[in-house]
Amino acid sequence: MTDIGRWMDGLQERAAEVLPEDVYAYFRRGSGRGMSVAEAASAWDQFRYRARLLRDVSTCDASTTVLGTPVRTPVLVAPSTLQRKAHPDGEAATARGVAAAGSLLAVTSNTAVPFADLVPSRAPWWVQVYVARDPVLTIETLERALAAGARAVVLTADTPVIGSRGKRGAHVGDFVGPEDLYGNVTGVPSPEAAEHAPDLTPDVIGWLRERSGGLPIVVKGVLRGDDARELVAAGASGLIVSNHGGRHLDGLVPTAWALPEVVDAVAGTGAEVYVDGGLRRGTHILAALALGARAVFVGRPVLWALTVRGAAGVTRLIDDLTDELIEAMSLTGTPSVLELTRDLLWAAPQPSPNGWAAPQAPLI
């Protein structure tokens, strides 16, 4: 697929014409001056590719597995709240689109959609949780997710507090009510009870596994190798390299930069590493997989696609990114995503003190 007529281009602008102003502002915003949001895609653009020649690429296979679940594509859907503001069916529509694309989605615990509504789609899905100050809320969420067929638990660990308070559209609670967020708990006794627990330690991984009936635990928000080793030692089956879309602390390292350190830190442990943040092209996904990610998660573009075309839009988005990935695989001599390795990449030249571009070494 070429850039000519690329469906993703202009998708955000088309969604902005449909979404309520506050919802659109919440979906797109970043914290602070927006540096982390602005850097996300451009960080992936810094990689260059060292194509292999004379390889049989008559068939290129993008299929893989994630925690043992087969998927036709490594392009997965990240958890995002307020999806019913984008489409009346919310995550149920997203799940239908994901199923048609042969992908997998993570579903936020802050959803108005009952997890049971995901079952008819037959899409494989993981439940994302924030551990609440009142653990009863988290336990009930896990029980309902387990009953509806969730295959893993994603612990978002990078927001012990919510960043950027006081800014219009800064927090989902600023302009929506409990009916927009808590579709999988009987009730919330107080706003404070649902706040994120600020006192978590790696021991929470074992607690979540016990409360979820032994589901694998994936920790989201990892940016450091030492954290990665500690989390896997505590029992995490997977890690998502993420800076929360630049939504809470501005200036966090781009995920494209953090990914290699995390991958290297847990090499040989059996833990799978995923990444999100700014992945907008097939070449971005190629770079992420070559750096060692098992798969990637896409967030904001899914919200735009869901807004514009519902489930069909989600399918189209995943299919188009997968087609771009397959084209990039063909042109780099890589017939399977399982054969994408770091030696395919070369870091883009960086400025040197004398003003000339200093070439970087291949990433091997």
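Reader: Where is the place of R122?

Author: R122 lies in the loop between β5 (105-108) and β6 (125-129). Helices (H or I, at least four residues) and strands (E, at least two) are DSSP runs, numbered from the N terminus. This is a predicted model, in which local features need pLDDT of at least 70, side-chain atom pairs count only at pLDDT 80 or more, and totals for chains, interfaces and linings use all residues. Residues are numbered from 1 along each chain as its sequence is written, while side-chain values use heavy atoms, with hydrogens and water left out.

Reader: Why does R122 count as exposed?

Author: A residue is buried under 20% relative accessible area, exposed over 50%, and partly exposed in between, with a 1.4 Å probe and protein chains only. R122 has 76% relative accessibility, so R122 counts as exposed.

Reader: Is L67 buried, partly exposed or exposed, and what makes it so?

Author: The relative accessible area of L67 is 25%, and therefore L67 is partly exposed.

Reader: Where is W7 found, and why is W7 called buried or exposed?

Author: W7 is found in the segment before α1. Its relative accessible area is 12%, so W7 is buried.

Reader: Which residues does W7 touch, not counting residues up to four places away in sequence?

Author: Contact means heavy atoms within 4.5 Å. With residues up to four places away in sequence set aside, W7 touches R14, A305, R309, G313, R316, L317 and D320.

Reader: What makes a group of residues a nonpolar core, and which members of the largest one touch the most other members?

Author: A nonpolar core is a set of buried Ala, Val, Leu, Ile, Met, Phe, Trp, Tyr and Cys residues joined through side-chain atoms within 4.5 Å. The largest nonpolar core has 91 residues, and F27, W44, W125, V127, L239, L259 and V275 touch the most other members. Helix α11 (residues 300-331) gives the most to this core, with 12 residues. Apart from it lies another core, of 14 residues, including V66, V71, A152 and Y274.

Reader: How do you know that the buried residues of helix α2 (residues 21-28) line one face of the helix?

Author: The buried residues of α2 are V23, Y24, Y26 and F27. Seen down the axis of α2, these residues fall within an arc of 160°, so they line one face of the helix. The arc is that of the directions from the helix axis to the C-beta atoms. Among the elements that cover the buried residues of α2 are α1 (11-16), α4 (83-86) and α11.

Reader: Which residues of helix α8 (residues 225-233) are buried, and why are they said to line one face?

Author: G225, A228, L231 and V232 are the buried residues of α8. Down the axis of α8 they fall within an arc of 125°, so they line one face of the helix. An α-helix has 3.6 residues a turn, so residues three or four places apart point the same way. The buried residues of α8 pack against α7 (204-211), β8 (217-222), β9 (238-241) and α9 (255-265). Just after α8, G235 takes a positive phi of about 120°.

Reader: What makes a space a cavity, and how many cavities of 30 Å³ or more are there?

Author: On a 1 Å grid over the protein atoms alone, a cavity is a set of points where a 1.4 Å probe fits but cannot get out, and lining residues have an atom within 4 Å of a point. Grid points are joined across faces, edges and corners, and a volume is the space filled by probe spheres set on the points. By this rule there is 1 cavity of 30 Å³ or more. About 30 Å³ of space lies in the largest cavity.

Reader: Which residues line the largest cavity?

Author: The lining consists of L82, Q83, R84, E91, N110, T111, A112, V113 and D180.

Methods: On a 1 Å grid over the protein atoms alone, a cavity is a set of points where a 1.4 Å probe fits but cannot get out, and a pocket is an open set with protein on both sides within 12 Å along at least five of seven lines; lining residues have an atom within 4 Å of a point.
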